Amino acid sequence: MLTSTDHNFRDDIGAARPSGIALGAVAPLAACAAIFLLLRPYYGLEHDAVIYMGRGLADLDPEGVGRDIMFRFDGQSKFSVFSRLVDFSIPVLGLAITAKTLALAGCALWFAALAALASRLARGSALFALLLLVACFDSSYGGFGVFHFAEPFATPRPFAEAFVLAAFAALLADRRRAAAGCLLAAAAFHPIIAAPGVLVALLYEGVRDRRIFLAALIAGAAALVAAFAGAPLLERLAARIDPQWAAIISARSDYIFLSDWPPGTWIATLRQASTLLLAASLAPPHARRLFFCVIAAACLGLSASYALGDLMMRELGAQAQSWRALWLAAAFAPLALGLCAPTLWRDGAQGRIALTLLVTSWILRAAPESAFLALIAALAWWGRARWRHIPLGLLERALFALCGLCAVIVLGAALWFAREYVRVAPSEDSILPSVLRAGEPAFVPLLLPALAMLIASWRPRPIIAAAVAVLAAPLAAYCWINEPFPLRSADVHPPELEAMVAPREGEVLWVNDKLAPWVWLGRANWASRVQGAGVVFSRPLALEWRERMGFLRDLGWVADSALKPRTDDVIDFPPFTRASLERLCARPDAPAYVVGAVESPGALAEGLEARFWRGPTRFSLHLSEGAAHWTPIAHYAIFDCAAYRPAG
C-alpha cells in the first residue's frame, strides 16, 4: 500500500520507468554536459595519469623506460585493458594527445552513463537538477580525499565507473543481460572499481531471487579453498604482509589501511550515509532497493578492508582496497539529496527543517559540523511523529537564515581564493582551470538553482538552457585545451639534452621529477616519488624504492614529502656537492647521469663538473603563512656519474 509520501515522491520525481530524451531536453542536457566538463578541467599528465602513460611508454620501449623499477616490478597494470588502449594510441596520437583523449573520453562516457541512470530515477526538470548536483558536488572519497569519481585525467577508473552506472541503469530497466555486459566491461577496465558494482547488482537481484545469494556463497567458498590451495592471484589472500612491507605501504600510501585515515575522513562518509538512508526511506521501491544495496556494498567494503587488510594483514585484502566501494556512496549521495528534496519540502515544517539541515550540511562539507547536521536531519525526519505538536515556525526561519549565511560564507571563501590565485598565478592559461578545480566557486551558485528546480518545479526555458550551454561549452573547451602543466606533456626528445647523455647508457636520476627521464630521454628514472605508487602490489618494488629514496633523502636532495604524502616540504634546487655525488656514484647500482634543477648555471658549487641545459619553465608551488608562492624552474645541471666514481 502506498503512503502519501510515496505518492508525493512519484509525482515530484516520476516513476521513471519510461526512458528517453525528448527534443526539448536537448538544450538542458547539453548545458548540464558542458557544466559537468567545465567543473572537471583537464589536469594534464599529473596524478595517476603519470603511472598509466608511463606504463605505455615502458611497453613501447622495454629496454629504455621499461627498465624503470616501477615497471620491472609492476603488479597491477596487467589486470586492465586500459593499458592496451594506451599502447595502441601513443604511437598514433602521441603521448600528450593520447592522455587528453582518454581523459575526455572517460568523462564523456561517465556523464552519458549518469544521464542514463538519472533518467531511470527522475524526469523533466528533476532529471537535469540531478545532473547538476552530481556535477557540482564534492567527488572525493576514501582516506585523505586522494581519489575522486569521474576524474578528469587518463586512468581506467572513470571508464569502469561509467560502465557500473550504466549497469545500474540497465538493472532499473530490468535488462539483466545488458547489466551483466556492462559489469564485465567495468571489470576489464578496473576490477577494484567494478567489484562494488558487481556486489550491488548481486544484492539487488538477490532480493528477488534468493538463489543468487546461494550461488554467491558457493563461489566465495570455492575462492577461499582455491586461495589456500595456491591458485594464481587468490593465493595472496592466504599470504601475509610482513611488518617491513606494511610500514612502507602505510608511509607512502596511507590511504590503503583504514586505521591510518584521520577522523576528518569520516565526515564525508557519515554525511553521505545519512543522505542515502534518508532518501532510501522516501524512494519508490525500485530506487529504494538500489540505494540500500549501495549502502550495504559500502559497509561490506569497509568491513572487509579493515578485517582482511588492517587486522589480518592479508596481501589480497590490502591490494583489493574494498573500501573503494565508497565511490558509489559519493556518486549516489547527490542523487539521493535531489530525490528526497521535493518530498521533504512539501511535507510541512518538519520536512523543510530536515531538508534545510541536510542542505546546510552539504554546503559546509569539510567542517566537522556537517556530518552532525546530516545525521540530525535524518533522525529528525524519522522521529517527526514525536515533535509534531511543537510550534516550528521560528525554528524553520532560523534554520533558513543559517543555511543562507553558510552559503554566503562558503561562496565568499571560494571567491576570495579565486582572487588570491589570480593575484599570484604564474600563468594566465592555468587560472580558470585551477580556480574551478581547487576553489570550487561554482558549488553554491549551482546548488541553489538545482534545488529550486526540484522543490519549486522550476524548469528553465529552452532559450536559457541553450544560452548556458553556449556559454559553458567554450569555457569547458578552454579549460581542456589550456592544461595547467604543459611541461609534462612534451612529446619530443630535446636534441640538445639527448646529446648530453648520449655517451652512456643506463638509468638517469632526475631529482624531483616524475616524467622527464621517460618523456624527454626515453630512459628509466633511478628514483622518484611516483615509483612508490604501487608499493602495495609488489614487495620487491617497495623495498628497493624505499631504500633508494631514503638514500636521496639522506643526501639532502629530496624532502620527506618524496617518501610520504601530505607534507609541505619541497626541495626545488637540490644542494649538490662533490661528496654527495661521489657517494651516490660509488653505488653498484648507480645511475649513468644525475640531473637536477639549479637556480642558474652560476649557482652551482665550485669544484663540480656539469653541463647545463635550459628547458621549458615550470613552476613549483609553495604555501607560506596561507599565501601561495611560485618558484620558476628552467635550468638543469647534468652530472656524468663516471666523473664522480672512485677510481677502480
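Is Tyr421 buried or exposed? Select Tyr421 to begin: in this predicted model the residue is buried, with a relative accessible area of 12%.

**Stop 1: Tyr421 and Trp630**

Trp630 is partly exposed, at a relative accessible area of 21%; the cut-off for buried is under 20%. The ring centres of Tyr421 and Trp630 are 6.1 Å apart and the planes stand at 90°, so this pair is edge-to-face. Colour by secondary structure to see what the pair links: Tyr421 belongs to helix H19 (residues 393-424), Trp630 to strand S6 (residues 627-640), and the two residues are 209 residues apart.

**Stop 2**

Ala414 is buried, with a relative accessible area of 6%.

**Stop 3: the aromatic pairs**

Show the rings of Phe, Tyr and Trp across the model. The count of aromatic pairs comes to 31. One of them is Tyr52 with Phe82, an edge-to-face pair with 5.7 Å from centre to centre and 90° between the planes. Tyr52 sits in helix H3 (residues 49-60) and Phe82 in helix H5 (residues 82-93), so the pair ties together parts 30 residues apart in sequence. Both ends can be checked for accessibility: Tyr52 is buried at a relative accessible area of 10%, and Phe82 is buried at 0%.

For a group of rings, select Tyr141, Phe147, Tyr255, Trp261, Trp266 and Trp323. Ring pairs link these residues into a cluster.

**Stop 4: two positive phi values**

Where in the chain does Phe144 lie? Phe144 is in the loop between strand S1 (140-141) and strand S2 (147-148). Its phi is near 70°, a positive value in a residue other than glycine. Phe144 is partly exposed, with a relative accessible area of 28%.

Move on to Asp174, in the loop between helix H8 (157-172) and helix H9 (176-189). Here phi is near 60°, again positive in a residue other than glycine. Asp174 is partly exposed, with a relative accessible area of 38%.

**Stop 5: H8 against H10**

The axes of H8 and H10 come within 9 Å and cross at roughly 10°. That angle makes H8 roughly parallel to H10. To display the contact, select Arg157, Ala160, Glu161, Val164, Phe168, Leu171 and Leu172 on H8, then Ile193, Ala194, Gly197, Val200, Ala201, Tyr204 and Glu205 on H10. Coloured by class, the contact of H8 with H10 has 10 nonpolar, 1 polar and 3 charged residues.

**Stop 6: H2 against H6**

What angle do helix H2 and helix H6 pack at? Select residues 26-38 for H2 and residues 95-119 for H6: the angle is about 135°, with the axes 11 Å apart. H2 is therefore oblique to H6. Viewed for handedness, H2 passes H6 in a right-handed crossing. On the H2 side the contact uses Leu29, Cys32, Ala33, Phe36 and Leu37, and on the H6 side Leu104, Cys107, Trp110, Phe111 and Ala115. By class, the contact of H2 with H6 has 10 nonpolar residues, with no polar and no charged ones.

**Stop 7: H12 against H25**

Finish with helix H12 (residues 243-252) and helix H25 (residues 539-555), whose axes come within 10 Å and cross at roughly 70°. H12 and H25 are therefore roughly perpendicular to each other. Their crossing is left-handed. Show side chains for Gln244, Trp245, Ile248 and Arg252 in H12, which meet Arg539, Ala542, Leu543, Trp545 and Arg546 in H25. The class count for the contact of H12 with H25 is 5 nonpolar, 1 polar and 3 charged residues.

Note on methods
Residues numbered from 1 in each chain as written. Predicted model: local features only at pLDDT ≥ 70, side-chain atom pairs only at ≥ 80, totals over all residues. Heavy atoms only, no water. Axes fitted to C-alpha atoms, helices over the stretch in contact; angles between N-to-C directions. Helix = DSSP H or I, 4+ residues; strand = E, 2+ residues; numbered from the N terminus. Parallel < 35°, antiparallel > 145°, perpendicular 65-115°, else oblique. Left-handed = near helix turned anticlockwise from the far one by under 90°. Contact = heavy atoms within 4.5 Å. Nonpolar A, V, L, I, M, F, W, Y, C, P; charged D, E, K, R; others polar. Phe/Tyr/Trp six-rings, centres within 6.5 Å; stacked < 30°, edge-to-face > 60°. Buried < 20%, exposed > 50% of the residue type's maximum accessible area, 1.4 Å probe, protein only.
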